[in-house]
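Dear colleague,

Please find the structure below, handed over for your records. My notes on what was found in it follow directly after.

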Amino acid sequence: MGAAGSRPCTLVVCRGCCCGDGRKHPGFDHDWQLARLRAAADASGGAFAVRTTDCLGPCDQANVIVVQPSAAGRRAGGRAAWVGFAMDDDCTEEILAWAAAGGPGLADPPTTLELQFIDPPRGARTRGRRQGAVRK
Ligand code: FES
């Protein structure tokens, strides 16, 4: 199976003009959030991955994190879930729990996380998009 066939669930963390900006969204530790997500991905043994991206569009719903299905999750019918207002510790931990359980297509999202799902902007694609703008 090729790399695309084994692609893990991926958390695409927006870090554009608004998401992660402490001046626009004070009271949240955005650096902690990204470090927490990355540390959990590192500890997951490849079960899920984290990458950052420039602005995904819905800045008024920042922070935005997109939970992309793994290859297996996509084959099982899973689709990318856009999470808005993803700033507090509980939300961060719920995203991690869902990704660790398999993510879209393989596990149901936590109910409270589902309440934060937002519609992607028209024509939005996170897979294979903005590769040149991805920041590590
Ligand atoms: S900066 Fe994240 S949606 Fe615009």
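The protein contains 4 helices and 5 strands. Taken in sequence order, these elements follow the pattern β-α-β-β-α-β-α-α-β. Please bear in mind that this is a predicted model.

Of the 136 residues in the protein, 34% are buried. Among contacts with a separation of 6 or more, 75% are accounted for by residues 24 or more positions apart.

Is Cys 9 buried or exposed? Cys 9 counts as buried because it has 28 C-beta neighbours inside 10 Å, and the threshold for a buried residue is 20 or more. Leaving out residues up to four places away in sequence, Cys 9 touches Phe 48, Val 67, Gln 68, Pro 69, Ser 70, Gly 73, Ala 99, Gly 102 and Gly 103. One of these, Gly 102, is 93 residues from Cys 9 along the chain, yet the two C-alpha atoms are separated by 6.9 Å.

Two features of the backbone also deserve mention.

Ala 62 and Asn 63 are joined by a cis peptide bond, with omega at about -5°. Asn 63 sits in the loop that runs between strand S2 (48-53) and strand S3 (65-68).

The other topic is Phe 85. Although Phe 85 is not a glycine, its phi is positive, at about 55°. Where does Phe 85 lie? Phe 85 is placed in the loop between strand S4 (81-83) and helix H3 (89-101). Phe 85 has 16 C-beta neighbours inside 10 Å and therefore counts as partly exposed. Once neighbours within four places in sequence are set aside, Phe 85 is in contact with Gln 61 and Gln 116. Computed along the sequence, Phe 85 and Ile 65 are 20 residues apart, while in space their C-alpha atoms are 8.7 Å apart.

With kind regards

Terms used. Residues numbered from 1 in each chain as written. Predicted model: local features only at pLDDT ≥ 70, side-chain atom pairs only at ≥ 80, totals over all residues. Helix = DSSP H or I, 4+ residues; strand = E, 2+ residues; numbered from the N terminus. Buried ≥ 20, exposed ≤ 12 C-beta atoms within 10 Å, placed from the backbone. Contact = placed C-beta atoms within 7 Å.
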